[in-house]
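Trainee: Before we start on the helices and the sheet, may I see the model?

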Amino acid sequence: MPASRYKQLVDQLAADIRGGRLPPGTRLPTHRELAAREGLALMTATRVYAELQTMGLVSGESGRGTFVKEALPRGHGIDLRAWNDDTTELTFNSPTLPGQAALYRSALRRLAAKGDADALLRYRPHGGSAPERAAAAAHLAHRGLTASAASTLLVSGAQHGLTIAAMALFEPGDVVAVDALTYPGFKLAAEFSRLELAPVPAADDGMDLDALADLCRRRRVRAVYAMPTLHNPLGWVAGLAWRENLVDLARRHGLMLIEDGAYAFLAAQAPPPLAALAPEATLYVSSLSKSVATGLRVGSVSAPPAWIPKLERAIRATTWNTPATLTAIVQGWFEDGTVRRLETEKRRDAAQRQRIAAQILGPLHPVAHPSSYFVWLPLAPEVRADAIAMALMRERIAVSTAHPFAVSHVPHAIRLALGSVDLDALRRALEAVARVVADRTDR
């Protein structure tokens, strides 16, 4: 088939989809049917659909066929923002409590009253000052870590911590094992550092370690990225036996462990972190974005001493240092117990929101931890996640599909962030979610 004819067919189908002549959800002819109808070779028909899929216009589903997609806003949830002020945001978590703004004003006044304000205007150590690092390490001790000030660095949030880890500890092409559904921010950090992510299926409460062991026998895996305490998006808290088995596997295969603890504060009685079980091989990333405020952009990285110089160099290459005004405020909040108090209050807040979600979404079998700020909602096989997301967007409710979380196969599911709206708005939005999903399922 001449290249111009091939391109004409792709352009024709794309125009029909974009113009609404092939509406969302339309099942397209099979590859063989398309080939026969257009007089093409089967391989060429397959190429036509592959290009349309690359363009984001169709999706191929094993055993069902090829379907026209409903176009989502840019990023399928990873960059999604509310279109206007009356959109209910269930895509990102930005949990705040009454009185937090006043707490911030008070901290700024105390900081302004100090005599060393000039120091906040100058360059700072890349990973924070010694007192700031000591305060962060002391806070992590409440999670069972024994990190020292020397092995703890301040960063501009968990995303920054993951990014410098990818930059500092790996080479392009390195293989990192991850959950088949994982945090989109690490996918992005790996993409920019040209790392290969190898998806590992889930077991009952964590990554399938038998599958990981098999992967390590077949491939030269460099590290494992894991969220053992409050996995995002599935909400599991891995048990102690799973953690010990992962550490044993990591030691046998010489793996680094990247432990994401951004949501760990929500699990009050979690087993020890991987960083406590294997401190010589684990980088632990934490953040105050969810426990205090997303706009604060302060987090910490704890790592073996030998890794610290590389990580400091990556901080210098990206931000030079986390803003001194923010780290000074955070140091005070670590030391006077404010951060721990907010974490306790937010656990209660998240648990209340989960009870509302369970009451409304229970018949749809949601997957969630009882004190987390998100819900994973698998959909019936005949229900398309992008159609649900667009139907909800028409009602001014923004949700994320599984797309940003999936490393390989994209299941039909949506993730609901519960922490960015007040309780009344949350209840109304979840009732709309339940209604839209039930309606599509009944069809």
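Mentor: A crossing is left-handed if the near helix is turned anticlockwise from the far one by less than a right angle, and right-handed if clockwise. Helices (H or I, at least four residues) and strands (E, at least two) are DSSP runs, numbered from the N terminus. This is a predicted model, in which local features need pLDDT of at least 70, side-chain atom pairs count only at pLDDT 80 or more, and totals for chains, interfaces and linings use all residues. Residues are numbered from 1 along each chain as its sequence is written, and side-chain values use heavy atoms, with hydrogens and water left out.

Trainee: Which hand does the crossing of H6 and H7 have?

Mentor: Helix H6 (residues 158-169) and helix H7 (residues 184-192) pack with axes 9 Å apart, at an angle of about 35 degrees. Axes are lines fitted to C-alpha atoms, for helices over the stretch in contact, and angles run from 0 to 180 degrees between N-to-C directions. The crossing of H6 and H7 is right-handed.

Trainee: Which are the edge strands of the open sheet of seven strands?

Mentor: Two strands pair if DSSP finds at least two bridges between them. The order is E4-E10-E9-E8-E7-E5-E6, with mixed pairing. Each edge strand pairs on one side only, and these are strand E4 (152-155) and strand E6 (196-200).
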